[in-house]
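Dear colleague,

I am passing on the structure we spoke about, and below it you will find an account of what was found in it.

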Amino acid sequence: MLPCFQLLRIGGGRGGDLYTFHPPAGAGCTYRLGHRADLCDVALRPQQEPGLISGIHAELHAEPRGDDWRVSLEDHSSQGTLVNNVRLPRGHRLELSDGDLLTFGPEGPPGTSPSEFYFMFQQLGWTKEPACSRPTWGNGDHAFCSTTTQSEEICSPSVGGTG
């Protein structure tokens, strides 16, 4: 059985983008997010200030734990990553819970943020098969399945955490 989790973009001018993740059975894996599309599973391309998102800004780690999985977020950026409006220290991992708000980019004044990238983390439960069966492109380590122009299913991540 495979866990299934999603990132739903909820702000920054382009809300509605949906990324669905299907880690492979039995193995830990890492998904990268950042502005370097050649290195990342989810490309974050700022429209306003390109320097606010690092090449590899953050990583999502899906790790088996008995019959369950845990998903954690690790910041690798120079500008910051926030979970529920609290900055995650660079290099630290935080286990995510359903409904957590993720912000990629710097903090702004209270109630505001200059970031274009706000996502809600959604733990969807278990599924026996990935919803997508036909990768639209891949590079050997990654395969992506797209269901619409604003919904992307990520079926095969970087395995083992090193990509």
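Glu63 forms a salt bridge with Arg93, and their closest N and O atoms are 2.5 Å apart in what is, please bear in mind, a predicted model. Glu63 belongs to strand 5 and Arg93 to strand 9 (residues 93-95), so the bridge ties together parts of the chain that are 30 residues apart in sequence. Arg93 counts as partly exposed because its relative accessibility is 41%, a value that falls between the limits of 20% for buried and 50% for exposed.

A search of the whole structure finds seven salt bridges. In one of them, Glu59 pairs with Arg32, with the closest N and O atoms 3.2 Å apart; Glu59 sits in strand 5 and Arg32 in strand 3, so that distant parts of the chain, 27 residues apart, are linked. Both Glu59 and Arg32 are buried. A further bridge joins Arg36 to Asp38, where the closest N and O atoms are 2.6 Å apart; here Arg36 is partly exposed, at 35% relative accessibility, while Asp38 is exposed, with a relative accessible area of 53%.

Turning to the nonpolar residues, the largest nonpolar core has 24 residues, and those with the most contacts inside it are Leu7, Leu60, Leu73, Leu102 and Phe104. Several strands each supply at least two residues of this core, among them strand 1 (2-11), strand 5 (58-65), strand 6 (68-75) and strand 11 (117-127). Leu102 touches, leaving aside residues up to four places away in sequence, a set of residues including Leu7, Leu73, Leu82, Val83, Leu96 and Phe121.

The aromatic rings deserve a separate look, and a search of the whole structure finds six aromatic pairs. In the pair of Phe104 and Phe119, the ring centres are 5.8 Å apart and the planes stand at 65°, so the pair is edge-to-face. This pair links distant parts of the chain, with Phe104 in strand 10 and Phe119 in strand 11, 15 residues apart, and both Phe104 and Phe119 are buried. Elsewhere in the list of aromatic residues, Phe5, Phe21, Tyr31 and Phe121 form one cluster.

With best regards

Technical notes:
Residues are numbered from 1 along each chain as its sequence is written. This is a predicted model: local features need pLDDT of at least 70, side-chain atom pairs count only at pLDDT 80 or more; totals for chains, interfaces and linings use all residues. Side-chain values use heavy atoms; hydrogens and water are left out. A nonpolar core is a set of buried Ala, Val, Leu, Ile, Met, Phe, Trp, Tyr and Cys residues joined through side-chain atoms within 4.5 Å. Buried means under 20% relative accessible area, exposed over 50%, partly exposed in between (1.4 Å probe, protein chains only). Helices (H or I, at least four residues) and strands (E, at least two) are DSSP runs, numbered from the N terminus. Contact means heavy atoms within 4.5 Å. Rings of Phe, Tyr and Trp (its six-membered ring) pair if their centres lie within 6.5 Å; planes under 30 degrees apart count as stacked, over 60 as edge-to-face and the rest as tilted. A salt bridge is a side-chain nitrogen of Lys or Arg within 4 Å of a carboxyl oxygen of Asp or Glu.
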